[in-house]
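Hi,

Here is the structure I promised to pass on.

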Amino acid sequence: MVRVMKAFSFPVLLFVFFAVGCAHSPDPAASLAPPAAPPHAEQVLVVSDPVQIPPTPPEMQVKSETKNVDDYGDIEVPEKVSEEAKGEIADPLEPFNRAMYHFNDKLYFWVLKPVAQGYGKVVPEAARVGVSNFFANLAFPIRFVNCLLQANFGGAAEELGRFTINTIWGIGGVLDPASSKDIDLSKQDEDFGQTLGAYGIGQGFYINWPIFGPSSPRDTVGLVGDTLLRPFTYLSPWYAGTGTWTYERVNDTSLNIGDYESLKGAAIDPYVAIRDAYVQYRLKKVNRKGGNIPAEDSGLPKK
Amino acid sequence: MKRRIVVLNIIILLLFSLPVYAGPPLDAVQSNVNKVLEVLRDPKLKAASAKEIEKEKLRLIYDRMFDDVELSKRTLAKNWNSLNVAQRQEFVLLFRQVLEKAYIDKILAYTDEKIVFDRETMVSGTQAEVQTRIVTSSKEIPISYRVLLKDGAWKVYDVVIENVSLVLNYRTQFNDILAKNKPEQLLEILRKKVKGQ
């Protein structure tokens, strides 16, 4: 709690300091302030942005008091409009995308799910988690390079440490000792699509690829970049790489059976629900350094 | 006069020391989640025949934990105003049932997963986000509760699962439907959804 207060009050105080300083002192000292300002201004953003709740305008406070009188009354302040604009994506290819949604849906229920279930019956869960760790460890170059591309050197160092530790003491990456409490190096879930996003490139529009699923022009380019950094892309013959990729999918699916079903079951329009979930998920990942969801959701500095 | 002030002070003190509902956001969420877990762990409710009793108990906790109207309002956002009051009331009831249907089986399937309460982040004096994680044998699922202080109680108005806000996700779907249909048709779709399956 104290940490929370500190982290909050520091940038706020700085902000107040600069705001007041700029307004009242035209002396040379003020001109020294701007060069120092950008990183702090950024900090203010980091603190308030990932929470994704728009700052409450003063009118809303008043409104919430009157709201108790009549809970079902009109909303007077359309306070969530900005949030909404961020969460939407253009969908000019909707007919194609919807067709591909049905294709992928069938692919899941008719092929991927039964195969993954059968595989899950034969292979115990602990082994499947190991396989999943192994593949995640192999994908280290993707996370490492994209941390570097985003100038997240701390993240890159953490990734390098993880790779070394998990490869040597984690039996080639099957175990994940680097995530243990003692070492506590967390996976930096970065990819090339996020790097492009961090450079300011927007999603563009929605594409639902057959087999690969939800994407956008930006993330499609990202996917190609990631594929080039994935070691087993270079396996020979070509179908060895494809086979490995498929196996990884089956293994991951076996650990997540039921997720797609519940997402689909909860939705009024599953196609729109999945599109929106994809957009929200990617947006938050791009906005977050290191791509780590639980640790940095608060937007507070990690250490 | 002086005595009156003293009495008043004591009353105020008593009022504010009731920790259950007026406590900080994280405590409010945690105490409600723990109540849910108590019901789910209750061996007497494990039998298939006790399922309805179990659900009824969970509904009571839900009422205390969530702000139904606020959740619906934020989900419909600007569309809320295009529904008349009767439609709004029906929407709140239907949406609640849609959510129950969607998540009750997942909740009842709870076995022994650990729930970690990480931290609360105050957004304003009356708004906060409480971050939790469900830790299973193969993964961690981050779940955040967005809460609002109303009448002295912190109530949930949005749940963010794996980075996806429930309110925003349904809002996009309802926007899409209401762009082409009248509010009455949306209600009809929801009625069907509640009845179906």
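Helices (H or I, at least four residues) and strands (E, at least two) are DSSP runs, numbered from the N terminus. Keep in mind that this is a predicted model, where local features need pLDDT of at least 70, side-chain atom pairs count only at pLDDT 80 or more, and totals for chains, interfaces and linings use all residues. Residues are numbered from 1 along each chain as its sequence is written, while chains are lettered from A and ligands numbered from 1 in the order in which they are written.

Let's start with chain B. Just after α5(B), B:Ala77 has a positive phi of about 50°. Helix α5 of chain B itself (residues 68-76) is mostly covered, with seven of its nine residues buried (20 or more other C-beta atoms, placed from the backbone, within 10 Å of a residue's own). Among them are B:Leu71 and B:Leu76. The buried residues of α5(B) pack against α6, β3, β4 and α7 of chain B.

Now for chain A, which has 14 helices and two strands. Of its 303 residues, 27% count as buried.

One helix pair there is worth a look: α7(A) (residues 140-149) and α8(A) (residues 153-168) pack at about 160°, with their axes 8 Å apart (axes are lines fitted to C-alpha atoms over the stretch in contact, and angles run from 0 to 180 degrees between N-to-C directions). The two helices are therefore roughly antiparallel (an angle over 145 degrees). Residues making this contact (C-beta atoms, placed from the backbone, within 7 Å) include A:Phe144 of α7(A) and A:Leu160 of α8(A).

Cheers

Terms used
Angles under 35 degrees count as roughly parallel, over 145 as roughly antiparallel, 65 to 115 as roughly perpendicular and the rest as oblique. Two residues are in contact if their C-beta atoms, placed from the backbone, lie within 7 Å. A residue is buried if 20 or more other C-beta atoms lie within 10 Å of its own, exposed if 12 or fewer, and partly exposed in between; C-beta atoms are placed from the backbone.
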